[in-house]
Amino acid sequence: HQLTEIEQHMVQERIAITVQPKSIILVSDYAKGMVTKELMAFIKKIAKERDCLVLVDPKGPDFSKYAGVDIVKPNKREFQQMANYFNLPSDASLESNARALCKLLSLQGMVVTLGEKGMVYVSGDKALTSPAYKREVYDLTGAGDTVFSFLALGFAHGLAIEDCLMLANNAASVAVSHVKTYAVSLDELLDRTCEAERKVFY
């Protein structure tokens with residue numbers, strides 16, 4: 001259900017107290033009525049005032065409310081829903097539609113997760129593919145949240161987008177190798193990063 005006016009005010013008050021200047025705001029929308037167009041407008045206002053980056057894990061049906069955030073991270077199904085919502089051509093490439101969505105929503109970029117195929121980053125002038133790391137998969141629960149949080153970690157440390165993608169892929173490969181939701185430790189991440197072609201942490 002939608003938040004009442006009092007509930008909306010309480011949430012906004014909590015956000016205003018919590019968000020620090022130059023921080024990263026993560027919005028994970030589960031389409032339960034919490035993330036309204038009004039709440040997104042408030043978050044974007046706070047982010048602009050405090051020089052924050054806004055990352056969104058989206059859910060429909062109203063994708064227009066994410067206009068003006070920095071990064072949106074849909075999975076393949078959500079990406080297709082976004083393309084349909086904005087009446088983009090179904091026969092166009094992922095890169096073409098992602099670039100169109102970035103323009104329509106004034107995004108800095110979009111990260112589309114593709115499961116075992118890894119993920120793709122698309123912006124107005126860039127398209128990067130980051131393949132998934134091969135590892136035995138036991139459970140996909142929480143994989144998207146893991147990718148989301150480690151992308152944010154990369155951005156928080158000023159990593160290049162290529163390294164943010166690699167970091168998120170590393171973390172996801174660890175998470176899915178465990179049963180149920182799993183919190184990836186730094187030690188596991190460092191071990192996994194050392195196996196990669198390039199090291200993220202030095």
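Trainee: Which residue forms a salt bridge with lysine 59?
Mentor: Happy to walk you through that one. A salt bridge here means a side-chain nitrogen of Lys or Arg within 4 Å of a carboxyl oxygen of Asp or Glu. For lysine 59, the closest N and O atoms are 2.8 Å apart, and the partner is glutamate 78.

Mentor: A word on the model before we go on. This is a predicted model, in which local features need pLDDT of at least 70 and side-chain atom pairs count only at pLDDT 80 or more, while totals for chains, interfaces and linings use all residues. Residues are numbered from 1 along each chain as its sequence is written, and side-chain values use heavy atoms, with hydrogens and water left out.

Trainee: Is glutamate 78 buried or exposed?
Mentor: Buried means under 20% relative accessible area, exposed over 50%, and partly exposed in between (1.4 Å probe, protein chains only). Lysine 59 has 24%, so lysine 59 is partly exposed. Glutamate 78 has a relative accessible area of 2%, which means glutamate 78 is buried.

Trainee: What is the N to O distance between aspartate 51 and lysine 22?
Mentor: Aspartate 51 is partly exposed at 47% relative accessibility, and lysine 22 is exposed at 64%. Their side chains meet in a salt bridge, N to O, at 2.5 Å.

Trainee: Which residue pairs with aspartate 62 in a salt bridge?
Mentor: Aspartate 62 is partly exposed, with 25% relative accessibility. The closest N and O atoms of this pair are 3.6 Å apart, and the partner is lysine 37.

Trainee: How many salt bridges does a search of the whole structure find?
Mentor: The pairs we discussed include lysine 59 with glutamate 78. Searching the whole structure gives a total of 7.
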